[in-house]
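Reader: I would like to learn how to read salt bridges and pockets in a model. Where do we begin?

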Amino acid sequence: MRIHHLNCGTMAYGLVDHCLLIETRDGLVLVDTGFGLGSVRNPGKMLGLSRFVLGAKLLEQQTAVWQIQALGYDPRDVRHIILTHLDLDHSGGLADFPEATVHVHGPEFRAATATPTLSERLRYRAQQWEHGPKWMVNEVEDGEDWFGFRAVRDLPGLPPEILVVPLPGHTRGHIGVAVDHGNGWLLHAGDAFVLESAIDPEHPHTSLFWKAYETSAIVRDVHKENQRRLRELKRMHGHQVTIINSHDASVFARVTGR
């Protein structure tokens, strides 16, 4: 499978919005959507005041749908979208792919659509899915072991080389997406960490600024524990698993050569 790395939204503090476009035998799979056309054209409705907090630089050329067309694909070829979570900077482009099946982890779906807490109401924007996506909610009940993590492999319509790896903490149902690309694994860890230095196996470090940001984690103890587990994964299996995330610009630059 071929993997394209897309920056679907530049933000303040040098952050990017790192999404994946995966070519499979049966069509395209998008991991997260970034902000989307609706966020660019109607930021007040789609993002609210959060656009100022994030310092989002909203450009149509950075939307997933625009970049997919620039690669020569029809956006309708995006058959599946897998969301690491439903924060507004990760799901803003859902309406650009109305025919796609949207895979989301059960605890995340319920957190965003059932009875969100006050802090969750600030991070989720129901306007981003008011078009009625084709939701496919997955659970971990019959998960299998993946390098010491529980994982869900048999996602309807997706090849077995794509796994969902629950990494709660940042949100209740936050997940990572692991892809077997033939020469090892790529794990998109979403917002499990902000900067790669947090999962350095030998000298982990998070600045005071980003530690303050991480207080927004819904389940802080679990968030920290999953960072520890990711450090261990990198230490023990770094030759087999490449770990990326959503917002570290240096990680995006390294994997894309840009």
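Author: A salt bridge is a side-chain nitrogen of Lys or Arg within 4 Å of a carboxyl oxygen of Asp or Glu. The model here is predicted. By this rule the count comes to 11 salt bridges.

Reader: Which parts does the salt bridge of Lys 45 and Glu 130 tie together?

Author: The side chains of these two, Lys 45 and Glu 130, meet at 2.5 Å, N to O. Lys 45 belongs to helix α2 and Glu 130 to the loop between α7 and β6, so the pair ties together parts 85 residues apart in sequence. Lys 45 is partly exposed at 35% relative accessibility, and Glu 130 is exposed at 52%.

Reader: Is Glu 120 buried or exposed?

Author: Buried means under 20% relative accessible area. Glu 120 has 0%, so Glu 120 counts as buried. Its side chain forms a salt bridge with that of Arg 172 (2.6 Å, N to O). This pair links helix α7 to the loop between β9 and β10, 52 residues apart. Arg 172 is partly exposed, at 36%.

Reader: And how is empty space found?

Author: Rolling a probe the size of a water molecule over the atoms shows where empty space is left. In this model the largest pocket holds about 610 Å³ of space. Its lining has 22 residues, with Ser 50, Val 53, Leu 54, Tyr 213 and Ser 216 nearest the centre.

Reader: How many residues of each class line the largest pocket?

Author: The lining divides into 13 nonpolar, five polar and four charged residues. The second largest pocket, of about 180 Å³, is lined by two nonpolar, one polar and six charged residues.

Key
Residues are numbered from 1 along each chain as its sequence is written. This is a predicted model: local features need pLDDT of at least 70, side-chain atom pairs count only at pLDDT 80 or more; totals for chains, interfaces and linings use all residues. Side-chain values use heavy atoms; hydrogens and water are left out. On a 1 Å grid over the protein atoms alone, a cavity is a set of points where a 1.4 Å probe fits but cannot get out, and a pocket is an open set with protein on both sides within 12 Å along at least five of seven lines; lining residues have an atom within 4 Å of a point. Grid points are joined across faces, edges and corners, and a volume is the space filled by probe spheres set on the points. Ala, Val, Leu, Ile, Met, Phe, Trp, Tyr, Cys and Pro count as nonpolar, Asp, Glu, Lys and Arg as charged, and the others, Gly among them, as polar. Helices (H or I, at least four residues) and strands (E, at least two) are DSSP runs, numbered from the N terminus. Buried means under 20% relative accessible area, exposed over 50%, partly exposed in between (1.4 Å probe, protein chains only).
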